[in-house]
Structures are given as structure tokens and as C-alpha cells.
Amino acid sequence: MSHEPSDWRQRNKWLWAKTDGRCAYCGTRFASYAEMTDDHVVPRSRGGSHSRTNRLPCCRSCNAVKGPRPVAYLRDALQRRLHGRPAFTAEQMAYLEAAGFTFPAETRFEFYWEKLGYSLDEGANG
Ligand SMILES: [Zn+2]
């Protein structure tokens, strides 16, 4: 992208390497650095830090959906988009499970970084 500094790629190699060039949320492989954005898992507006542990590579599509919202919002959105069925919020899932309902594993969309086994800052799950 022409509006980005020429050293952007150099400065963000660590971010790319976190997921080997894939979106940390949906798992889409980036064709180039231009497709990667720097997402704060816990948004800065919600007290998230600017440290590398709170940042993940994110495709433009996921970043546009997530914005300054918690990751749970993006999970619900990806669940609807990719699985084509209504999504329950984490609170609704907990309520229904407590009431005895069980769900197939794929009901809850799994982020790519979860498949990699990352642990993130406190508050990033949900
Ligand atoms: Zn994505």
C-alpha cells in the first residue's frame, strides 16, 4: 500500500511470523503484507496494551468487522458467515449448557490462533 511507510514490512515481520502469514482469526493466508493489519486483541479503548502479546496479524475483512470490539463479537460474526447458522453469544452458550444442552464442537467458531495454541493477554478469550 502506497500510504504505508516503506519499512512497514521490516517492522512487522514479527507480526507476520506469529501465524506464518495467516489471519489470526479466520486463517486466511495473506497474499502480501498489504493484506495484513495489526490488530489489538483487547482493544486499546478497552484497556488493551500495545505490547506484542496483545497484537495479532489480522486480515482486512476481519479487522473491519471487529473494529474496536472484543474478540467475542468477531467470533460470532465469523460463525454466522462461515457456518451459515445463528450464533450464540458466549453468555447464551453458557446458559444453554447449564440448562443441559450440548453442542457439536464446530458450533463455536475456532480462531486460527486458537488452533495454533496461542495464549494471549488476560481478557482476550470469549
Ligand atoms: Zn481474517
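**Close-up views of a predicted protein chain**

**View 1. Pro 70 in a loop of the predicted model.** Pro 70 lies in the loop that connects α3 (60–66) with α4. Is Pro 70 buried or partly exposed? Because Pro 70 has 18 C-beta neighbours inside 10 Å, this residue counts as partly exposed; a buried residue would need 20 or more. Arg 46 stands 24 residues from Pro 70 along the chain, and the C-alpha atoms of the two residues are separated by 8.5 Å.

**View 2. The largest nonpolar core.** This core consists of 13 residues. Which of them touch the most other members? They are Cys 23, Ala 24, Tyr 25, Leu 56, Cys 58, Cys 62 and Leu 74. Two elements, β2 (55–59) and α4 (71–83), each give two or more residues to the core. In soluble globular proteins, nonpolar side chains tend to be buried together.

**View 3. The surroundings of Ala 24.** Ala 24 is among the core residues that touch the most other members. When residues up to four places away in sequence are left out, Ala 24 touches Lys 18, Thr 19, Leu 56, Pro 57, Cys 58, Phe 111, Tyr 112 and Trp 113.

**View 4. The protein chain as a whole.** Six helices and two strands are present in the protein chain, and their order along the sequence is α-α-β-β-α-α-α-α. The protein chain has 126 residues, of which 19% are buried. Among its contacts with a separation of 6 or more, 60% are between residues 24 or more positions apart.

Technical notes: Residues numbered from 1 in each chain as written. Predicted model: local features only at pLDDT ≥ 70, side-chain atom pairs only at ≥ 80, totals over all residues. Helix = DSSP H or I, 4+ residues; strand = E, 2+ residues; numbered from the N terminus. Buried ≥ 20, exposed ≤ 12 C-beta atoms within 10 Å, placed from the backbone. Contact = placed C-beta atoms within 7 Å. Core = buried A, V, L, I, M, F, W, Y, C linked by C-beta atoms within 7 Å.
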